[in-house]
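Hi,

Here is the structure I said I would pass on.

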Amino acid sequence: MPSTTLKDLYVASLQKMYTGEKKILDALPGMIETTENAGLQQAFQDHRDETADHVKRLEDLLNGVNADLGDAEARGIAGLIAEGEDTIGSNASIEVKEAAMVAVAQQIEHLEIAAYGTLCTYAEMLGRGEDFNQLQQTLDEERHADSKLNELAKEIINGQARGD
C-alpha cells in the first residue's frame with residue numbers, strides 16, 4: 001500500500017528496516033566465518049549481537065503502531081549483501097576479501113545511518129518520543145559500528161590487503 005501520510009511512511013520505513021536488519025543478521029555469520037583477522041571477526045560478532053537487538057526494537061516499534069512485521073523489500077541492503085557474498089566467493093586473497101567485506105559493511109552502515117536518522121525525524125514529527133529514543137539508540141550503535149570498521153580498515157585491514 002502506498003504511503004499517504006507521514007505515519008504511513010514511518011510504518012513502511014520501519015518495516016523496510018526490519019526486513020533489512022533480518023537480512024544483515026542472516027549474512028553476518030558468513031562474514032564472521034570467512035574472516036581471519038581477530039579484530040574484524042570480533043567487530044562482526046559484536047555487530048551481529050547489536051543487530052539482533054535492532055530486530056527486536058523494530059518488532060516492538062511495529063507492534064507499538066499496530067503494524068504487521070511484514071516482508072517489505074530492502075533492496076539497498078539486499079544488493080550490498082549480494083556484493084559481500086560475491087566477495088566472499090571470489091578467489092581473492094583473504095586480505096583483499098577482508099578489505100572488501102569492510103567496505104561493504106561500511107556501505108551498509110551508511111545506509112542504516114541515513115535510514116535511522118530519517119526514522120528519528122519521523123518519530124519526532126509524529127510525537128512518538130519513546131520511538132525516537134529507541135531509534136536514536138540504534139542510530140548511535142550504527143555510527144559506532146561504522147567508526148569501529150573505519151578504524152580497523154585504516155589501521156590494519158587495508159594495509160594488509162596492500163601487502164604491508
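Below is what turned up, starting with the salt bridges and moving on to a loop residue and a surface patch.

One thing to keep in mind is that this is a predicted model.

Salt bridges first. Side chains of opposite charge can pair when their charged atoms come close. Searching the whole structure gives six salt bridges, and I'll go through some of them here.

Lys56 makes a salt bridge with Asp60, with 2.8 Å between the closest N and O atoms. These two are four residues apart in helix H2, so about one helical turn separates Lys56 from Asp60. Here the ends are partly exposed, with a relative accessible area of 44% for Lys56 and 42% for Asp60.

Then there is Asp131 with Arg128, where the closest N and O atoms of the salt bridge are 2.7 Å apart. Asp131 is buried at 8% relative accessibility, whereas Arg128 is partly exposed at 25%.

Next, the loop residue. Where does Asn37 sit? You'll find Asn37 in the loop between helix H1 (6-34) and helix H2 (38-64). With 13% relative accessibility, Asn37 counts as buried, since the cut-off for that is under 20%. Its side chain reaches the backbone nitrogen of Gly39 at 2.9 Å. A polar atom of the Asn37 side chain also lies 2.8 Å from the backbone nitrogen of Leu40. If you leave aside neighbours within four places in sequence, Asn37 is in contact with Glu98, Ile156, Ile157 and Gln160.

Last, the surface. Which residues form a nonpolar patch there? They are Leu6, Leu9, Met125 and Leu126, and together they have about 330 Å² of accessible area. Leu126 belongs to the loop between helix H4 (94-125) and helix H5 (129-162), and its 31% relative accessibility makes it partly exposed.

That's it from me for now.

Cheers

Note on methods
Residues are numbered from 1 along each chain as its sequence is written. This is a predicted model: local features need pLDDT of at least 70, side-chain atom pairs count only at pLDDT 80 or more; totals for chains, interfaces and linings use all residues. Side-chain values use heavy atoms; hydrogens and water are left out. Patches are made of residues with over 30% relative accessible area and no salt bridge: like charges are joined within 9 Å, nonpolar side chains (Val, Leu, Ile, Met, Phe, Trp, Tyr) within 5 Å. Accessible areas come from the Shrake-Rupley method with a 1.4 Å probe; for residues, only the protein chains shown count as cover. A salt bridge is a side-chain nitrogen of Lys or Arg within 4 Å of a carboxyl oxygen of Asp or Glu. Buried means under 20% relative accessible area, exposed over 50%, partly exposed in between (1.4 Å probe, protein chains only). A polar contact is a pair of N or O atoms within 3.5 Å; within protein, one must be able to donate a hydrogen and the other to accept it, and residues adjacent in sequence count only if both atoms are side-chain atoms. Contact means heavy atoms within 4.5 Å.
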